[in-house]
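I opened the model to look up a few local features. My notes follow, one topic per entry.

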Amino acid sequence: MSSDPTFIVALGPRAILSLVGIITLVSGVWHADRSWDEKGSKAYERAYKEAKDKNNVVVPKKDLDASFPFPIAFLAGWALYGLAYFFRNDGSMEFQEPTLYAILAAGFSVALSIIASIPMAEAVKTRNGTMKKILGMTFVLSWVGLTITTINTNDVVPKYFCPLGAITIVASMNVLWKFRKMGDSWEQFGKPNPNPIVYNMGGPMFVFGWFLYWIGMAGNVGDASVPDGVVTIPIYYTWRTVLAFSAGCGMVPVVMMVDYAHDEGAEFTGFGTDGRFFGFGETPIPFLASWTVFGIAALLPVTEGGVTSIGTRQWIALANCMLQGYDAGILIQTALYKGDMAGKTKYSIPFVLLFMALAINIGWHGGVALALSLPGAVLIILGQKTVFGDRKRGDYFMLNNGKTNPNPIVYSAGEPL
């Protein structure tokens with residue numbers, strides 16, 4: 001059996017420029033949409049108080065304009081991403097000879113940056129449904145064009161990565177629009193959503209979709225020749241990968257179910273909440289199972305047909321994962337349900353320590369594994385801390401005798417983190 005990975009991502013200009021562009025444009029989207037949600041809803045509240053006819057509230061145009069920042073990061077991110085098409089996917093520094101597909105892909109990138117920024121913002125602010133539909137259709141068609149051309153600029157990785165990524169990204173926008181403050185509710189009724197949902201799948205879908213798209217755009221075959229000194233990220237299709245990836249990513253909807261239920265009023269029963277939204281999914285068992293499966297993956301070989309020497313470090317990884325599941329899924333969650341901020345703070349210390357210990361164990365031999373695991377652990381911890389401050393029944397709930405946060409933030413930075 002070959003020890004070569006199934007795919008690699010060679011960290012040259014194509015991969016790095018596209019990744020920096022993706023991170024920049026995602027940050028730009030989050031900043032602009034958070035500003036529109038928070039400032040736009042506040043502008044409506046001011047207009048509502050001053051309106052004589054409460055059924056016909058008109059928000060001043062200048063207040064709407066002030067709620068939408070100029071999307072400089074979004075435009076810059078797409079520009080960087082489009083530029084990456086003119087480099088090879090083997091990590092080499094040289095520009096490749098421009099092909100028709102590379103030029104078209106860069107063009108679609110620019111088109112998407114324009115369509116989804118200023119014209120779309122204007123259509124949303126003014127509730128111009130016709131213009132929004134035209135722009136929405138153009139947006140989708142541009143994604144189709146970008147996906148077709150991207151596949152033809154990189155035909156060495158499976159063709160399903162980019163289509164799946166694009167579908168997930170576009171679908172995430174619809175999910176976010178439904179649950180945010182100034183999305184569907186504003187466009188249909190001219191007022192903010194009275195029940196914004198922080199724990200929706202839009203944010204995770206958005207990030208996951210871009211991950212898939214990045215692999216499809218910048219990836220290469222596992223046995224590809226790369227220039228000396230170029231660092232690569234190896235991706236294996238093995239049972240270890242399947243278990244680790246499915247359990248790790250599977251924790252996201254599992255956590256969403258538990259925290260959505262608590263935020264929306266499900267009551268603590270002693271073992272999770274009462275099941276009114278997701279039934280068994282509101283118990284700690286799926287979360288504990290996800291962490292356990294993630295730990296079991298450490299006992300499996302990295303490469304196809306390889307042999308794992310199961311030693312102390314692998315068993316420690318499994319124990320670490322099981323302890324993390326218990327600490328986060330039982331101890332911290334129970335403290336949250338009971339409104340016990342002191343307990344949540346106390347159990348958060350081992351939560352951080354266990355995460356950092358697992359990251360060090362995963363990256364024990366250094367290199368790419370450590371470079372990914374340590375920042376990954378830090379981002380997860382920061383994400384959890386941030387979203388707890390922005391959700392309906394998180395830190396505010398614990399610090400204010402069980403009261404619901406009056407200003408939950410759907411576009412919390414904690415979600416993409």
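Entry: I looked up Arg127 and found it partly exposed, because its relative accessible area is 38% (buried is under 20%, exposed over 50%, partly exposed in between, with a 1.4 Å probe and protein chains only). This is a predicted model, where local features need pLDDT of at least 70, side-chain atom pairs count only at pLDDT 80 or more, and totals for chains, interfaces and linings use all residues. Residues are numbered from 1 along each chain as its sequence is written, and side-chain values use heavy atoms, with hydrogens and water left out.

Arg127 sits in the loop between helix 5 (118–125) and helix 6 (129–153); helices here are DSSP runs of H or I with at least four residues, numbered from the N terminus. Most residues other than glycine have a negative phi.

I then turned to Asn401, which also is not a glycine and has a positive phi of about 55 degrees. Asn401 lies in the segment after helix 15. With a relative accessible area of 79%, Asn401 is exposed.

**Entry: helix 12.** Helix 12 covers residues 312–337, so its 26 residues should span 38 Å; the end C-alpha atoms are 36 Å apart, which agrees. I also found a kink of about 25 degrees in helix 12, centred on Asp327. The bend at a residue is the angle between axes fitted to the seven residues ending there and the seven starting there. Gly339 follows helix 12 and has a positive phi, near 70 degrees.

**Entry: cysteines.** How many disulfides are there? I counted a pair of cysteine sulfur atoms within 2.5 Å as a disulfide, and the count by this rule is zero. For Cys162, the nearest cysteine sulfur is that of Cys249, 18 Å away. Cys162 is buried, at 2% relative accessibility. For Cys249, the nearest cysteine sulfur belongs to Cys321, 14 Å away. Cys249 is partly exposed, at 32% relative accessibility.

**Entry: Leu417.** I placed Leu417 in the segment after helix 15 (395–399). Leu417 is partly exposed, with a relative accessible area of 40%.

How values were computed. Helices (H or I, at least four residues) and strands (E, at least two) are DSSP runs, numbered from the N terminus. The expected span of a helix is 1.5 Å times one less than its number of residues.
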